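Please look through the sequence and the model, then read the points below.

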Amino acid sequence: MPADFMQWFYSKNNAQHGPVSLEELRNKIATGDVESTDLVWKEGMGDWTPVAKIAELASPGTAQTEAVSPPPPVPAYQQTPYQSPARMEVSPGESIPNYLWQSILVTILCCWPLGIPAIVFAAKVDKLKASGQIAEARAASAAAKKWTIIALVSGLVAIAIYIGITVLNFVHMQNQQNQIRGEYEQRIELPAPR
Amino acid sequence: MIGRRVALVVLLGLLAIPAAAYLYYSGPNAALLPGCLLHRLTGLHCAGCGMTRATYEAFHGNFGAAFRLNMLGAILFPIVLVLCGIQVFAWLRGKPFPSLSPAKWRLGWWMLGIILAFSVLRNIPAWPFTLFAPH
């Protein structure tokens, strides 16, 4: 049952299509629209895989297609998606960092409300990516990174300012003590020679 | 590129050692350790409040005390540290780490909800919630 709701993407002439349901994809394979050497992908798969290598799809439909027309491998086409699926403009297999753990780390450590927007954007990334909104997912990823850095830097700046003030305070107190001691010594020492 | 990344991580690691040693020997109330600015300005306990003290206690083997100071942080911090460490390692290799779970986006919202709820609850000055406060 759940297999029917899974969203498949397929690659044809270096362009990505989909998402389509398993049923639709099977139909396309049966009609020869998608060939058994074409690459397909769905959420959860590590990389783009040829149709022929997926058990779910290499069903009666595929066998028929193969019997009708044994698909000749087209080298130029087959190489490109294999070499680097990440280079394709909208490849759902592309890894888009979500910065979730980094944003949680800065929220806990830097003790700044600025970490919250970082988590919000981080939480958005994977869902956008799963629904095929790659540009939006990239934007959310970039925003999560930006806010993580803002939280981290402002946390570090606050720490630096704090340490600076502490050191200045210490020096100031030291000076004051020396001054008081100096005045005190003067008061005692001055009358002594006379 | 990769060499520069390794150098950066090693440098940060070397900087972290004296900071950890200072916390270990001088205690969480030492002069150079900054308190939380948010707490100083507003008096509120945010989600990370008590983490310096909790880390100090954990350094000295008092994990129970660390847990009482910040329940969420004591659980989440080691996990997040390991996961971030894995990502740093992947970054050093120049190859992204494969996603840990396909339903991770849900985890993000859960984390956000838990952290926000914890931040609110630990500021309520009544009994069951005072257990969350860093005292």
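Read along the sequence, chain B runs α-α-α-α-α-α-α, with 7 helices and 0 strands. Helices (H or I, at least four residues) and strands (E, at least two) are DSSP runs, numbered from the N terminus. This is a predicted model, in which local features need pLDDT of at least 70 and side-chain atom pairs count only at pLDDT 80 or more, while totals for chains, interfaces and linings use all residues; side-chain values use heavy atoms, with hydrogens and water left out. Residues are numbered from 1 along each chain as its sequence is written, and chains are lettered from A and ligands numbered from 1 in the order in which they are written.

**Chain B as a whole**

- Of the 135 residues in chain B, 28% are buried (buried means under 20% relative accessible area, exposed over 50%, partly exposed in between, with a 1.4 Å probe and protein chains only).
- Among the contacts in chain B with a separation of 6 or more, 60% come from residues 24 or more positions apart (contact means heavy atoms within 4.5 Å).
- Chain B exposes about 8,500 Å², and carbon and sulfur atoms supply 74% of that area (Shrake-Rupley method with a 1.4 Å probe).

**Helix pair in chain B**

- Two packed helices are described by the angle between their axes and the distance between the axes.
- Helix α1 (residues 2–26) of chain B packs with helix α5 (residues 71–93) of chain B at an angle of about 150°, and their axes are 8 Å apart (axes are lines fitted to C-alpha atoms, for helices over the stretch in contact, and angles run from 0 to 180 degrees between N-to-C directions).
- α1(B) and α5(B) are therefore roughly antiparallel to each other (angles under 35 degrees count as roughly parallel, over 145 as roughly antiparallel, 65 to 115 as roughly perpendicular and the rest as oblique).
- On the α1(B) side the contact involves B:Ile2, B:Arg5, B:Val6, B:Leu8 and B:Val9, which meet B:Val88, B:Trp91, B:Leu92 and B:Arg93 in α5(B).
- The residues of this contact of α1(B) with α5(B) comprise 7 nonpolar, no polar and 2 charged (Ala, Val, Leu, Ile, Met, Phe, Trp, Tyr, Cys and Pro count as nonpolar, Asp, Glu, Lys and Arg as charged, and the others, Gly among them, as polar).

**Helix pair in chain A**

- Helix α4 (residues 100–110) of chain A and helix α5 (residues 115–130) of chain A pack at about 165°, with axes 8 Å apart.
- α4(A) and α5(A) are therefore roughly antiparallel to each other.
- A:Leu100, A:Ser103, A:Ile104, A:Val106 and A:Thr107 of α4(A) make the contact with A:Gly115, A:Ile116, A:Ala118, A:Ile119 and A:Ala122 of α5(A).
- The residues of the contact of α4(A) with α5(A) are 7 nonpolar, 3 polar and no charged.

**Single residues**

- B:Leu32 lies in the loop between α1 and α2 (37–42) of chain B and counts as partly exposed at 32% relative accessibility.
- Leaving aside neighbours within four places in sequence, B:Leu32 is in contact with A:Tyr162, A:Ile163, A:Val167 and B:Tyr22.
- The C-alpha atoms of B:Leu32 and B:Tyr22, 10 residues apart along the chain, are separated by 9.0 Å.
- A:Ser141 sits in helix α6 (residues 134–189) of chain A and counts as buried at 5% relative accessibility.
- Not counting residues up to four places away in sequence, A:Ser141 touches A:Ile96, A:Pro97, A:Tyr99 and A:Val125.
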